[in-house]
Amino acid sequence: MLCLALDTSTPGGSCAVTRDGAVIRESAGARECPHDSRLPGDLIALLEDVRIGLPDIDLFAVATGPGSFTGLRIGIATMQGLAFAAGKPLIGVSGFDALAQIARAPAVATWVDAWRGDVFAARYRHDVQTEPPTVEKPAALLARIAQPTVFIGDAVPVYADLIRRTLGDLAVLSDPPAPALAATIAQIATRTGRAGAQPAPDDIRPLYIRRPDAELARDARLVP
């Protein structure tokens with residue numbers, strides 16, 4: 001099973017192609033270039049590099065979040081277009097699930113930068129999510145942790161000093177803290193597809209957690 005996966009939940013993002021879960025190629029995107037200027041070009045270039053045609057792809061996969069609203073919309077729309085055109089299923093994968101799988105630790109805290117001093121977060125125990133996705137201040141999240149925990153995600157270097165001061169030896173910071181996710185997303189999607197899931201491209205639902213700024217601003221204007 002050939003799977004083409006895309007992650008646009010972070011500024012750079014990544015794309016990957018796998019065969020039966022084995023990584024053929026994973027490519028990180030250029031952080032300085034917006035996603036809409038690189039897609040679908042990055043995906044086409046990746047396939048050309050490994051000499052795989054788009055019609056050969058059996059399954060498409062995309063990160064559903066959390067992350068930038070604009071990035072997620074662009075990534076999901078790109079993969080929906082490719083999957084619709086190919087008549088193939090599209091599986092959405094939480095970036096939190098991908099980070100937890102990469103960490104490979106008994107206890108994992110996935111932290112994604114939510115800006116404004118906030119963190120998108122979830123917690124896992126042996127790859128099972130034990131604390132659902134939330135957006136909170138780092139100090140509030142740390143107050144609930146009382147066991148050795150691996151921290152992974154792009155918010156970890158932002159709050160590394162606070163994590164260490166608060167938890168001391170209980171905290172282990174992943175290295176690298178913000179790995180590329182596309183290959184792991186493809187692996188998770190492949191397992192999901194083999195289990196029988198064949199969702200249509202328009203079944204994808206982004207994991208926003210926080211409402212978009214435009215909605216918050218609109219609602220604020222309606223308050224008398």
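What follows is a chat about the core, one glycine and some backbone features of this predicted model.

Trainee: Let's start inside. How many residues does the largest nonpolar core have?

Mentor: It has 26 residues, and I185 and A189 are the ones with the most contacts inside it.

Trainee: Which elements give two or more residues to this core?

Mentor: On the strand side you have β1 (2-7), β4 (59-63), β5 (90-93), β6, β7 and β9, and the helices are α4 and α7.

Trainee: And which one gives the most?

Mentor: That's α4, with five residues.

Trainee: Back to I185. What does I185 touch, leaving out residues up to four places away in sequence?

Mentor: There's a run of A5, L6 and D7, another of A61, V62 and A63, and then V93 and A98.

Trainee: New topic: G153. Where is it found?

Mentor: Look in the loop between β9 (149-152) and α6 (160-167).

Trainee: Is G153 buried or exposed?

Mentor: Buried: its relative accessible area is 2%, and the cut-off for buried is under 20%.

Trainee: So what does G153 touch, again not counting residues up to four places away?

Mentor: L99, W111, P177 and A178. Also check V112: its C-alpha is 5.2 Å from that of G153, though the two are 41 residues apart along the chain.

Trainee: Now the backbone. Which peptide bonds are cis?

Mentor: Two to look at here. The bond from L39 to P40 is cis, with omega near 5°, and P40 sits in the loop between α1 (35-38) and α2 (41-49). The bond from D175 to P176 is cis too, with omega near 0°; P176 is in the loop between β10 (171-173) and α7 (182-194).

Trainee: And positive phi in a residue other than glycine?

Mentor: R104 is one of them, with phi near 50°. You'll find R104 in the loop between α4 (95-103) and β6 (107-113). W115 also has a positive phi, about 65°, and lies in the loop between β6 and β7 (119-125).

Trainee: How exposed are R104 and W115?

Mentor: R104 counts as exposed because its relative accessible area of 68% is over 50%. W115 is at 41%, so it counts as partly exposed.

Definitions and conventions: Residues are numbered from 1 along each chain as its sequence is written. This is a predicted model: local features need pLDDT of at least 70, side-chain atom pairs count only at pLDDT 80 or more; totals for chains, interfaces and linings use all residues. Side-chain values use heavy atoms; hydrogens and water are left out. Helices (H or I, at least four residues) and strands (E, at least two) are DSSP runs, numbered from the N terminus. Buried means under 20% relative accessible area, exposed over 50%, partly exposed in between (1.4 Å probe, protein chains only). Contact means heavy atoms within 4.5 Å. A nonpolar core is a set of buried Ala, Val, Leu, Ile, Met, Phe, Trp, Tyr and Cys residues joined through side-chain atoms within 4.5 Å.
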